[in-house]
Amino acid sequence: MEKANISGYQLFVLIFLFEMGSALLVPLAGEAKQAAWLVILIAMVGGFLLFFIYYGLFQYYPDQLLTEFVRSILGNFLGRIVAFLYILYFIYLAARVLRDFGDTLLTFAYPHIPLFAANAAFILVVVYTVRKGVEVLTRTGELFFVLENLLLMTFFLLIVASGMIHLNNLKPVIEMNVTEMVKMAFTKTIFFPFGEIISFLMIFPYLNEPKRLKKIGISSIAAAGIFLALIMAMNIAVLGVDLTTRSQYPLLSLIQSIEVAGFLERLDVYFLFLLMIGGFIKISVFTYVAVTGTANVFNVKQPSRLAYPVGFVILLCSIIIASNFTEHMHEGLGAVPIYIHLPFQVIIPLLLLIIAFFKNRKKKKGQHQNKFQGGVDQK
């Protein structure tokens with residue numbers, strides 16, 4: 001664990017950019033059609049519940065990383081196995097996000113560049129930043145936060161000025177059954193992007209104001225959820241349900257449709273900037289926690305030495321993870337939420353919290369008895 005401190009504002013910014021990340025690329029909850037934005041908001045509430053599980057673990061072990069306190073809870077042997085599985089989980093997620101942005105970049109801007117070259121260039125920048133530590137990563141996030149908000153504000157203003165918003169496209173607002181909406185939110189959308197905040201259990205101990213973590217976590221998740229719901233509602237209002245669900249990148253289609261005053265159009269650079277910012281932050285966080293976790297589990301004194309090897313593993317995984325983009329998306333939307341996200345984001349953390357509760361309760365009870373016994377002996 002490196003010697004570093006990050007402020008509450010820096011953590012808020014990092015979580016917000018992380019949550020937005022690759023969620024801007026895909027039509028979240030697209031199967032819900034006009035109610036997609038409502039499903040996102042329901043999933044956001046589920047994200048609060050997951051955050052409280054992670055926050056509960058942090059309260060029991062505020063000075064320990066995820067890869068440390070699993071050993072305190074489960075014992076050294078089993079704890080190391082679980083910690084190592086989480087490292088593999090973070091590497092896998094980093095590889096998936098890198099593949100997302102590599103494929104998007106090739107499809108959108110550089111179709112003649114090999115996927116390996118695009119991903120390699122991206123991961124090199126990520127690894128360079130990760131080697132500098134979490135403080136540099138959060139300061140970089142502060143700069144990108146300002147830029148992304150300027151881009152989003154300008155983007156919203158241009159959409160409104162272009163007169164392309166048709167609120168009728170959002171009707172009927174609740175076409176799906178409410179039960180189906182909740183089921184979709186809690187079986188798919190909650191895991192991506194809200195549940196991925198579990199990776200921040202490797203970053204929370206660096207917060208210089210631990211008492212503010214609850215407020216920071218809830219506000220950052222809420223901000224990201226509202227923005228994502230707003231963007232999805234705007235996609236549907238402008239493009240319509242059919243085009244939004246069929247489009248590979250609905251946000252890109254939305255940006256390409258902007259035309260103001262007959263000359264302000266083809267603003268694809270907006271999408272490119274959002275793509276680079278979101279991809280860089282999300283991959284950097286996953287890479288950083290994977291590097292830090294590996295150093296912690298294998299007792300490596302200088303985690304920065306592992307940045308390039310871990311980065312190379314992520315690069316290779318991003319290439320071999322799927323044979324094509326269609327297979328990659330099918331795997332990400334089908335198998336990953338149930339067989340990978342559910343155990344690592346919900347089941348294991350919940351079991352850890354239950355065990356930690358009883359272990360700490362027993363410990364406090366023992367301390368109380370010893371204190372009471374000591375008082376009796378003195379008398």
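**Figure 1. Leu251 is buried, with a relative accessible area of 2%.** Buried means under 20% relative accessible area, exposed over 50% and partly exposed in between, with a 1.4 Å probe and protein chains only. The model is predicted: local features need pLDDT of at least 70, side-chain atom pairs count only at pLDDT 80 or more, and totals for chains, interfaces and linings use all residues. Residues are numbered from 1 along each chain as its sequence is written, and side-chain values use heavy atoms, with hydrogens and water left out. Leu251 sits in helix α10 (residues 250-256); helices (H or I, at least four residues) are DSSP runs, numbered from the N terminus. Leaving aside residues up to four places away in sequence, Leu251 touches Leu24, Phe155, Ile231, Asn235, Phe271 and Leu274, where contact means heavy atoms within 4.5 Å. Ile159 is 92 residues from Leu251 along the chain, and their C-alpha atoms are separated by 12 Å.

**Figure 2. Ser318 in helix α12.** Ser318 is buried, with a relative accessible area of 0%. A polar atom of the Ser318 side chain lies 2.6 Å from the backbone oxygen of Leu315. Not counting residues up to four places away in sequence, Ser318 touches Ala95, Leu98, Arg99 and Asn119.

**Figure 3. Packing of helix α4 (residues 76-108) with helix α13 (residues 325-333).** The two helices pack at an angle of about 140°, with their axes 11 Å apart. That makes α4 oblique to α13. Axes are lines fitted to C-alpha atoms, for helices over the stretch in contact, and angles run from 0 to 180 degrees between N-to-C directions. Angles under 35 degrees count as roughly parallel, over 145 as roughly antiparallel, 65 to 115 as roughly perpendicular and the rest as oblique. On the α4 side, Tyr92, Arg96, Arg99, Asp100 and Asp103 meet Phe325, His328, Met329, Glu331 and Gly332 of α13. By class, this contact of α4 with α13 has three nonpolar, two polar and five charged residues. Ala, Val, Leu, Ile, Met, Phe, Trp, Tyr, Cys and Pro count as nonpolar, Asp, Glu, Lys and Arg as charged, and the others, Gly among them, as polar.

**Figure 4. Packing of helix α3 (residues 66-74) with α11.** The angle between α3 and α11 is about 45°, and their axes are 8 Å apart. The two helices are therefore oblique to each other. Thr67, Glu68 and Arg71 in α3 meet Gly293, Asn296 and Val297 in α11. The contact of α3 with α11 has one nonpolar, three polar and two charged residues.

**Figure 5. Cis peptide bonds at Pro172 and Pro193.** Lys171 and Pro172 are joined by a cis peptide bond with omega of about -5°. Pro172 is in the loop between α6 (134-162) and α7 (178-189). The bond from Phe192 to Pro193 is also cis, with omega near 15°. Pro193 is in the loop between α7 and α8 (213-239).

**Figure 6. Positive phi at Lys33 and Asn299.** Most residues other than glycine have a negative phi. Phi of Lys33 is near 55°. Lys33 is found in the loop between α1 (8-20) and α2 (36-60) and is partly exposed, with a relative accessible area of 41%. Phi of Asn299 is near 55°. Asn299 is in the loop between α11 (268-297) and α12 (307-320) and is exposed, with a relative accessible area of 57%.

How values were computed:
Polar contact = N/O pair within 3.5 Å; in protein donor to acceptor, adjacent residues only side chain to side chain.
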